[in-house]
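Here is a short briefing on charged pairs and helix packing. Read it with the model open.

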Amino acid sequence: MKEAKLKRPFADTVTNTEATHTQSIQSDDSRPFCIAEVAVPLDIDNTFSYLVPERLIDNIKHGVRLFVPFGRRKITAYLLGYRFAKESEPLKEILEILDDEPLWTEKDLVFLRWISGYYLHPLGKVLKAALPNGINVQSRTNAEGEGVTGGKKVLREKVFSPTEADRSAFKLKEKNQNILNFLCQNAETSQKELRKMFGECGQNLKRLVELGLIQKNEREVYRDPFAGYSVTKDSPKLLMQHQSEVLAAIIDAADSRTFSPFLLHGITGSGKTEVYLQAISHILERGDNALVLVPEISLTPLLVQRFRARFQEGIAVLHSGLSDGERYDEWRRIRRSEVRIVIGARSAIFAPLQQIGIIVVDEEHETSFKQSEGLRYNARDLSLVLGRQENAVVLLGSATPLVTSRFAAQQGKLGYLHLPLRVGSSSLPETTVITTKMTPETPISATLIQSLSDNLERGEQSLVFLNRRGFSSCLICNDCGADLQCPNCSVSLTYHRQRLKSICHYCDYQVPFPSVCHSCGSTDMKEMGVGTERVEHELRTIFPKARIARMDSDTTCGKGAHALILNKVESGEIDILVGTQMIAKGHDFPGVTLVGVLQAEGSLYLPDFRAAERTFQLLSQVIGRAGRGYLPGRVLIQAMNPGHYALETAACHDFEDFYKQELEFRQELNYPPFGFLVAIKFSATSESALIAVSESSAKLLSALKSSLMLRTEILGPAPAPIYRMRGRFRIQILLKDTNRVALRKILTAYLADRPVQSAVRETVDVDPVDLL
DNA sequence: AGCACGCCGACT
DNA sequence: GTCGGCGTGCTC
Ligand SMILES: [Zn+2]
Ligand SMILES: [Zn+2]
């Protein structure tokens with residue numbers, strides 16, 4: 001054995017899994033050193049200690065960012081705690097305290113530490129991810145860090161208000177008198193608004209200030225992303241029987257003031273939103289606040305409008321379309337308790353909202369609640385953790401709940417609330433499954449063509465759904481049989497006819513058309529597999545007079561393009577809409593009476609244990625698009641091999657049966673919610689590093705198998721030991737129980753022991769665990 | 001993340 | 001000989 005490493009000069013370095021003592025001991029002469037413990041936003045698990053210099057001791061407080069020397073650079077760091085000590089090892093000094101007010105509370109820190117441990121992500125990076133981007137100062141390498149408190153600019157405006165002075169003592173010009181009267185009768189008013197009412201009035205205001213009749217102040221203004229949307233007040237709607245029962249259960253739980261998580265299972269149009277609104281109203285009345293998480297695509301002005309109509313003021317909206325400045329403004333309003341309701345996409349889980357009484361997660365099954373890079377958190381999962389910490393009600397709402405949620409409800413860990421009825425509307429659509437082999441020449445079966453034709457004649461609208469964009473999913477060489485693949489991702493390139501290119505849907509690698517075979521150089525390439533672009537093309541040939549539109553990420557990349565297509569469908573300007581899963585989400589089309597699903601099993605055989613669940617959810621959603629108006633709906637599902645239970649159960653709307661069969665499948669293979677899953681993804685810079693990792697990971701896997709894992713698995717096509725995807729190599733580890741301590745130990749040991757260190761970067765992806 | 005240090009192959 | 005690329009480890 002080699003001699004142990006040199007003794008490290010810094011003792012007692014705290015790792016971020018342990019709680020740090022943040023309670024400070026008062027400074028006195030016997031304890032002259034103030035030592036700050038700090039997390040940095042880098043790939044480092046331990047924390048660092050700095051000396052707080054004399055000049056900063058009076059300003060130090062919890063929850064602030066610091067500017068510290070780190071190596072030969074200067075970076076932003078996050079203060080975790082500080083203490084006074086008799087003596088100190090030689091430490092570097094903090095350069096600056098970047099915030100006057102705390103950015104996070106002790107409670108927030110508990111939550112963030114939990115996240116750090118659960119997602120195996122350094123605390124400093126978690127803090128960075130949780131804070132709004134506008135606040136962050138770019139680390140400066142040069143010595144002059146002037147203006148370092150920077151971040152996004154705080155906007156100010158001038159406001160005027162009357163003084164106590166005796167107003168009758170002056171004889172004023174008419175305009176001045178009018179302004180003064182106005183100010184006496186109203187709250188302080190900005191110059192901008194006064195200008196609107198009285199025209200250019202800078203001179204008049206200046207005069208009134210000089211006379212001591214009014215005073216000028218500055219106040220911070222917030223950039224308002226939803227300004228200009230007028231609000232018509234509405235009042236709580238009368239609930240149907242099921243809704244009132246559900247609401248009563250929620251209110252009961254809320255009044256217990258204990259952590260009360262619910263699964264609210266209600267099909268689209270069953271009146272979930274009204275239940276949310278009234279539950280939130282109850283929480284607000286008793287003085288607590290509400291956090292509402294919705295998928296990015298559902299976070300529309302229309303939704304915000306609904307909340308504004310009910311609650312008017314005190315609503316903050318956080319979505320990805322905000323500029324850093326706007327987002328920072330909303331964040332500050334929340335921090336200062338100026339709002340009672342926060343509505344946002346996944347990152348809103350980090351909103352600095354205090355006293356949370358209820359967390360609503362709408363469409364909880366949506367994958368967009370999961371962040372797929374950096375800190376790979378799932379806001380749906382975190383809502384449960386936060387709700388537990390805050391003793392809040394957590395409402396997970398969905399028409400097609402996650403298998404995990406459904407299971408937790410069965411176990412009694414989630415309260416199960418069901419809204420079975422469509423409010424004021426029709427029965428479920430009649431659904432037929434057709435067995436067809438889809439070919440590039442005839443992607444649409446004769447039966448579906450006939451139905452579309454009938455629908456056109458009746459003047460009714462149709463949807464055609466295919467979960468694959470592009471013209472053809474790959475090009476195959478007629479000479480040697482090789483398909484055109486992405487050199488980075490080893491997946492077939494999708495041919496896009498309009499753009500005359502073949503494109504990798506993972507990394508956006510492109511080759512122009514006509515293409516040359518990578519292996520033999522032939523230019524004789526055959527189109528294989530069908531995408532939405534081709535379906536649109538074929539439909540135009542079959543129905544030359546029909547008004548046809550396509551909606552997928554290719555046709556909606558422009559700003560407003562998405563809304564434009566939706567509007568056209570809604571106003572009846574479109575007869576047939578072709579699209580990917582995009583047409584399954586978003587708004588209702590009351591005029592649609594026929595839905596055709598092409599290649600329904602398309603997403604079923606992906607190397608993902610949730611493939612069946614995703615397929616079922618998607619199909620259920622698409623099926624639900626038919627017959628939402630007054631006319632009954634009809635659905636035709638085309639599949640090559642329709643025997644899979646995900647298709648069968650979706651077709652006959654048998655939710656119970658789907659969950660039963662899916663849970664059997666999960667249990668047999670120890671997939672969540674029965675097993676615990678962690679994916680380690682590698683990206684390597686060289687082929688040799690890759691091989692080394694492959695070998696060492698095989699060793700890891702066999703070690704895991706022989707120790708505590710009940711089942712370990714490598715995801716992907718055999719016989720490759722590591723699955724290559726999006727330029728990365730992925731192995732997945734499944735554990736039977738949810739013992740994170742054991743997992744962390746094994747992972748840490750593996751990562752430390754791995755042969756190639758920096759040539760390989762791994763990200764650890766923790767998948768759903770039973771958090772209840 | 002950067003940055004320095006050390007090891008090994010290639011090259012004026 | 002030494003120049004430089006890459007792999008490794010450290011930063012209070
Ligand atoms: Zn070829
Ligand atoms: Zn690619």
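R310 counts as buried because its relative accessibility is 10%; buried means under 20% relative accessible area, exposed over 50%, and partly exposed in between, with a 1.4 Å probe and protein chains only. This is a predicted model: local features need pLDDT of at least 70, side-chain atom pairs count only at pLDDT 80 or more, and totals for chains, interfaces and linings use all residues. Residues are numbered from 1 along each chain as its sequence is written, chains are lettered from A and ligands numbered from 1 in the order in which they are written, and side-chain values use heavy atoms, with hydrogens and water left out.

- R310 forms a salt bridge with D234, with the closest N and O atoms 2.9 Å apart. A salt bridge here is a side-chain nitrogen of Lys or Arg within 4 Å of a carboxyl oxygen of Asp or Glu.
- D234 lies in the loop between β8 (214-221) and α7 (241-256) and R310 in helix α9 (residues 301-311), so the pair ties together parts that are 76 residues apart in sequence. Helices (H or I, at least four residues) and strands (E, at least two) are DSSP runs, numbered from the N terminus.
- D234 is partly exposed, at 28% relative accessibility.

**Other salt bridges**

- The structure holds 33 salt bridges.
- E274 pairs with K237 in a salt bridge, the closest N and O atoms being 4.0 Å apart.
- E274 sits in helix α8 (residues 272-285) and K237 in the loop between β8 and α7, so this pair ties together parts that are 37 residues apart in sequence.
- E274 is buried at 4% relative accessibility, whereas K237 is partly exposed at 45%.
- E330 forms a salt bridge with R333, at 2.9 Å between the closest N and O atoms.
- Both E330 and R333 lie in helix α10 (residues 324-335), three residues apart, about one turn of the helix.
- E330 is buried at 3% relative accessibility, and R333 is buried at 16%.
- Salt bridges that share partners join D234, K237, E274, R306 and R310 into one network.

**Packing of α4 and α6**

- Helix α4 (residues 174-185) and helix α6 (residues 202-210) pack at about 75°, with their axes 10 Å apart. Axes are lines fitted to C-alpha atoms, for helices over the stretch in contact, and angles run from 0 to 180 degrees between N-to-C directions.
- α4 and α6 are therefore roughly perpendicular to each other (65 to 115 degrees; under 35 is roughly parallel, over 145 roughly antiparallel, the rest oblique).
- K175, N176, I179 and L180 of α4 make the contact with N204, L205, R207 and L208 of α6 (contact means heavy atoms within 4.5 Å).
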